[in-house]
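Please read them alongside the coordinates.

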Amino acid sequence: GSNEPTGILQTSGIGSVALGTNGAAPTWASVVNLIKEVAVSNAEQGSRAFITSPAASAKLRSVAKVSGTDSKMILDDRSELFGYRVISSSLVPSNLTKGTGSSLSAMIFGNFNDLVVGEWGSLDVIFDPYTNSTTGAMRVTAFMDVDVAVRHAESFAAIQDIVTT
């Protein structure tokens with residue numbers, strides 16, 4: 001929306017791996033394809049990592065690398081895929097929709113050196129003893145000018161239709 005950072009998922013030009021018409025469960029091949037999307041753009045360098053929602057992280061821990069077997073799960077207890085860190089964060093959406101699919105999660109792979117966070121000014125903190133004075137509470141408000149931008153869209157790829165149920 002207005003006055004909000006664009007973010008990685010809304011940046012045009014990032015790689016995309018689609019799982020299904022209405023979303024689908026993640027597979028080992030979909031993880032491999034995320035890395036491939038960045039590699040074919042000659043951007044597989046720098047500080048590479050995966051970031052996904054807690055729901056998708058849990059799903060990756062319950063899906064076998066080889067379908068129909070009890071082999072290793074896609075995501076193991078080391079929280080790594082192909083030696084790259086896997087970060088689970090509620091800042092990654094898990095409320096996406098596609099076709100008739102809803103509550104879908106995203107997973108991003110990329111070179112996070114190409115994600116720029118800009119800050120200017122200082123943190124403004126305001127203590128307001130008046131707004132909630134009848135309850136004896138104090139309201140604290142913080143404001144900071146920050147923006148986030150992707151330096152090279154080719155450095156990122158995303159799946160935006162992971163079914164986690």
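**Nonpolar patch and cores**

1. Val117, Leu123, Val125, Phe127, Met138, Val140, Met144 and Val146 make a nonpolar surface patch of about 730 Å². Patch residues have over 30% relative accessible area and no salt bridge, and nonpolar side chains (Val, Leu, Ile, Met, Phe, Trp, Tyr) are joined within 5 Å. Areas are from the Shrake-Rupley method with a 1.4 Å probe, with only the protein chains shown counting as cover for residues. A salt bridge is a side-chain nitrogen of Lys or Arg within 4 Å of a carboxyl oxygen of Asp or Glu.

2. This is a predicted model: local features need pLDDT of at least 70, side-chain atom pairs count only at pLDDT 80 or more, and totals for chains, interfaces and linings use all residues. Residues are numbered from 1 along each chain as its sequence is written, and side-chain values use heavy atoms, without hydrogens and water.

3. Strands E7 (115–128) and E8 (139–150) each give two or more residues to the patch; strands (E, at least two residues) are DSSP runs numbered from the N terminus, as are helices (H or I, at least four). E7 supplies the largest share, 4 residues. Valine 125, in strand E7, is partly exposed at 40% relative accessible area (buried is under 20%, exposed over 50%, partly exposed in between).

4. The largest nonpolar core has 20 residues, of which Leu34, Phe50, Ile74, Leu81, Met107 and Phe109 touch the most other members. Such a core is a set of buried Ala, Val, Leu, Ile, Met, Phe, Trp, Tyr and Cys residues joined through side-chain atoms within 4.5 Å. Helix H1 (28–39) is among the elements giving two or more residues, and H1 gives the most, 4 residues.

Note on methods. Patches are made of residues with over 30% relative accessible area and no salt bridge: like charges are joined within 9 Å, nonpolar side chains (Val, Leu, Ile, Met, Phe, Trp, Tyr) within 5 Å. Buried means under 20% relative accessible area, exposed over 50%, partly exposed in between (1.4 Å probe, protein chains only).
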